Amino acid sequence: MAGILIVDDSPVNRNLLRNMLEIEGYEVVGEAENGKEGYDKFLDLSPSITILDISMPQLNGIDLLRLIKGRDPLAKVIMLSANSESEKVREAAQHGADEYVTKPYTKTAVLEAIKRCVDSANS
């Protein structure tokens, strides 16, 4: 199973995601509450998949996505955001986001995004 890093400034969202993923058998290798901490943990943990919130302090999700993809273009990144504006979706895609899930998200939407990332990494 994929090791997943969750980067979200909301402790409630991090906990919800962690519980959802662990119940499904995924290993959550780490959590971060802002983009700077998220990048440091990405470098330390080398997760298979990183889940990023877009709106975060210190370093937002789009900027963090750029850093991650600049370091490892093959890194799998799922963006989570309450913002479903096509501009943000397009910006995330331009910078290499593998998936984009809109909040409030469903368990199914998150799990399908992870499955697509795992499948594309294995092909």
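This is a predicted model: local features need pLDDT of at least 70, side-chain atom pairs count only at pLDDT 80 or more; totals for chains, interfaces and linings use all residues.
User: Is the crossing in which α2 passes α3 right-handed or left-handed?

Analyst: α2 passes α3 in a right-handed crossing. Residues are numbered from 1 along each chain as its sequence is written, and side-chain values use heavy atoms, without hydrogens and water.

User: Why is α2 called roughly parallel to α3?

Analyst: The two helices, with α3 at residues 61-71, pack at an angle of about 20 degrees, and their axes are 10 Å apart. Axes are lines fitted to C-alpha atoms, for helices over the stretch in contact, and angles run from 0 to 180 degrees between N-to-C directions. Roughly parallel means under 35 degrees, roughly antiparallel over 145, roughly perpendicular 65 to 115, and the rest is oblique. So α2 is roughly parallel to α3.

User: Which residues of α2 and α3 meet?

Analyst: In α2 they are G35, G38, Y39, F42 and L43; in α3 they are L64, L67, I68 and R71. Contact means heavy atoms within 4.5 Å. By class, this contact has 6 nonpolar, 2 polar and 1 charged residues. Gly counts as polar, Tyr as nonpolar and Arg as charged.

User: What makes α1 roughly perpendicular to α5?

Analyst: The axes of α1 (residues 11-23) and α5 (residues 107-122) come within 11 Å and cross at roughly 65 degrees. That makes α1 roughly perpendicular to α5. This crossing is right-handed. L17, M20 and L21 in α1 meet K107, V110, L111 and I114 in α5. The contact has 6 nonpolar, no polar and 1 charged residues.

User: How do you know which strands are at the edges of the sheet?

Analyst: The open sheet has 5 strands in the order β2-β1-β3-β4-β5, with parallel pairing. β2 (27-32) and β5 (99-102) are the edge strands, as each pairs on one side only. The twist averages 20 degrees from one strand to the next.

User: What makes β4 and β5 a pair?

Analyst: 4 bridges join β4 (residues 76-81) to β5, and the two run parallel. Pairing needs at least two DSSP bridges, so β4 and β5 qualify. L80 stands opposite V101 in β5.

User: Why does the D40 and K36 contact count as a salt bridge?

Analyst: Their closest N and O atoms are 3.3 Å apart. The cut-off is a side-chain nitrogen of Lys or Arg within 4 Å of a carboxyl oxygen of Asp or Glu, so this pair qualifies. D40 and K36 are 4 residues apart in α2 (residues 35-45), so about one helical turn separates them. The structure holds 13 salt bridges.

User: What is the phi of S46, and what is the omega from K103 to P104?

Analyst: Phi of S46 is near 45 degrees, a positive value in a residue other than glycine. S46 is found in the loop between α2 and β3. The peptide bond from K103 to P104 is cis, with omega near -5 degrees. P104 is in the loop between β5 and α5. Most residues other than glycine have a negative phi, and most peptide bonds are trans.

Note on methods. A crossing is left-handed if the near helix is turned anticlockwise from the far one by less than a right angle, and right-handed if clockwise.
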